[in-house]
Amino acid sequence: MTTTFVTSPAHMVVPGTAVDDDGVVFSTVFRNCASCGLILYRLADLEEIVLPFTDEYRYGSLYSVRVHGIRPEDWAYRYYRDNYTFEDPYARELIELETAKGKITAGRLFPRNEDQLPAYGRKTAPWPDQYIYVLHVKGFTASRTSKAAHRGTFRGVAEKIPYLKKLGVTAVELLPVYELREAALGRMEGAPVPESTGSMAGDVARFATSPYTARPLRKDSSKMNYWNFGEGCYFAPKRAYAASGKPQQEFREMVDAFHKAGILVYLQLFFPDTVSIQTQQETARFYVTHYHVDGFHLKGGDSALKTLATDPMLSDTAIFYYGFPYEDLQKEDKENPTVGRPSISHLSEYRDDFEPLVRQFVKSDNNVVREFTKRFVTVPVEHGEVHYVCNYDGFTLMDLVSYNWKHNEDNGEDDRDGTDQNYSWNCGIEGRSQKKDIRTLRIRQIKNFLTLNFLAQGTPVLHAGDERCNSQNGNNNPYCQDNEIGWMQWKDTVDAREILHFTEAIAAFRREHSIFRRRTPFRFNDDKVSGYPDISFHGKDAYKPDFSSCSHTIGILYNESYAEENPDNRLLYLAINMHWHNQLLGIPQPPKGYQWFVVMDTFRDKSFPDHAEALPDQRRTAVPGRSIQILEARPAAEGEEPVQARVYLVKSHDK
């Protein structure tokens, strides 16, 4: 017996589906078509019901129909337009059905009790207090070495929250977590199947896509789109990331678990120019209102940037981008001036200038120290700025110190893909090495990078796995590597443990010393007449920095009486030597009754010692080649004498 339904106009003004006591409302856009409508699939027996849409169901190009008496949990649906069938781009979840015509993907409907909105959200933490960890939901726990019970899923990520808490993470940034429209243009039975889309828009839907240019990386349907960039079914969390087959529920549970642990959740949203401004705005609002997501890293086109950045509903929601038109965003609304100018405090610039500067500085390039130091101590004002050494779209931190050149042969593009501007240095041997001096130098360089990343002003970003010496075998563009190359490795090696412990310690050090988390710029002055300016630079002699083209060293003194949170009378001195030989750096004389102590030294295996050692010479410090020391001026214990000088023997390496 064929099922029949009564339908009526629904008068919806936005696309999507809505469940009420009288059935389900379906609303979507059709333009310039001869016929269109809805296809319902009964889940129990896959009975197929076609409901044509007529002019009585539309306002302009927006069609809305109420299907009376339908039980949402019993049915799935697709739309058709002329000879095409396609998934609803506003579907909340996609499921795969095995019909007589083959496998199809359809939208799932939800009973009302499964679609409760959460309470109103909260403001994000101040930008300087954040530390963001970028991860791929599947790749984070897909490897057997993760030992997760639900590998490669939302639940797998949630299992690692205690690990992230111990690491000091305050926010996670997730690569796209929604379904892609790779199969969105399915054909009706009997219609010819095209060999290619014939357009960039079609290729964007089918192939792995650049997050920057919004263009296909490679027109090869056999390539896995591991990063998940492309035009999406944005409202549907990815089914492949769900252990239970309920992606919407698992995604919500993961976000809730992060929030209970005090960790914010940011999503990457990729919008090619083919996606309307309205859809982009509705997507962002949807994840905020339905899942309590705390912010978005926008990628792809910028057509909706101003709309999203000034949306009143998103004014407490973090938004990341690569270049905001701040002046334009803060213009007063002339039609309604009483509401005030839009705020930009929730916006954060994804700066790309720190990465090349810090890489060149640490590998001892000339003509870098001045620009690097300026960037290192510049405090963002009015809005946030994030910085990083490595991210998902380049070398890992381990590969940055292990390879001079990219090795992307596994991508199948003859090593032509990926950037050639890596500013990397292999420390003497290309690739993996068992030589002790090479491995020791690499570990030290990783510590140097982590120190500079965490102690630079702004918001540091850490790419998942960099705290464990994760390697991609020199691949700096693993967009298609849904395997051990692209996945994070959790192997418990000696080097991985050392770097993990160091990352935890340097993150804790930043958290304990708010002078590295400034809200206002340094004044380079001593307004409090404490005897030391808020910040100052030093070279071989105190207060005489060397910013010449061949300089690779800098000393930076921080006066913690100028800290904006818990100020005290202590001084911190960052002694940075990226020269390949030992260098002396002059230190200002400590206050009366204080001594300089070494609290961190990247040259040592245990960089953060259990007990800080007093400097034997309180006027200067000998910094080994390619290493960083953190000195702290503390009250000297009564009768305490400085310890004997430690002798550092450093083996030179060619640059």
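Here are some friendly notes on a predicted model, taken one feature at a time.

1. Ground rules. Residues are numbered from 1 along each chain as its sequence is written, and side-chain values use heavy atoms, with hydrogens and water left out. Because the model is predicted, local features need pLDDT of at least 70 and side-chain atom pairs count only at pLDDT 80 or more, while totals for chains, interfaces and linings use all residues.

2. The barrel. Eight strands make a closed barrel in the order β12-β13-β17-β18-β19-β20-β21-β22, with parallel pairing. Strands here are DSSP runs of E with at least two residues, helices are runs of H or I with at least four, and both are numbered from the N terminus; two strands pair if DSSP finds at least two bridges between them. On average, neighbouring strands of this sheet are turned by 25° against each other, direction ignored.

3. Strands β17 (residues 264–271) and β18 (residues 295–300) run parallel and are joined by six bridges. Leucine 267 has phenylalanine 296 of β18 opposite it. Helix α5 (residues 247–260) packs on the sheet, where it touches β13 (171–174) and β17; contact means heavy atoms within 4.5 Å. The direction of α5 makes about 135° with that of β17, with axes fitted to C-alpha atoms (for helices over the stretch in contact) and angles running from 0 to 180 degrees between N-to-C directions.

4. How do the axes of α9 (residues 354–362) and α12 (residues 436–455) cross? They come within 11 Å and cross at roughly 140°. The two helices are therefore oblique to each other, given that angles under 35 degrees count as roughly parallel, over 145 as roughly antiparallel, 65 to 115 as roughly perpendicular and the rest as oblique. On the α9 side, Phe354, Val358, Arg359, Phe361 and Val362 meet Gln445, Asn448, Phe449, Leu452 and Asn453 of α12. The residues of this contact divide into six nonpolar, three polar and one charged (Ala, Val, Leu, Ile, Met, Phe, Trp, Tyr, Cys and Pro count as nonpolar, Asp, Glu, Lys and Arg as charged, and the others, Gly among them, as polar).

5. A hairpin. Strands β2 (residues 16–20) and β3 (residues 23–29) pair in the antiparallel sense over five bridges. Two residues lie between them in this hairpin, and glycine 16 has serine 27 in β3 as its bridge partner.

6. Glycine 69. Do look at the loop between β7 (62–68) and β8 (75–81), where glycine 69 lies. Glycine 69 is exposed, with a relative accessible area of 61% (buried is under 20%, exposed over 50%, partly exposed in between, with a 1.4 Å probe and protein chains only). Leaving aside neighbours within four places in sequence, glycine 69 is in contact with Phe5, Asp22 and Gly23.
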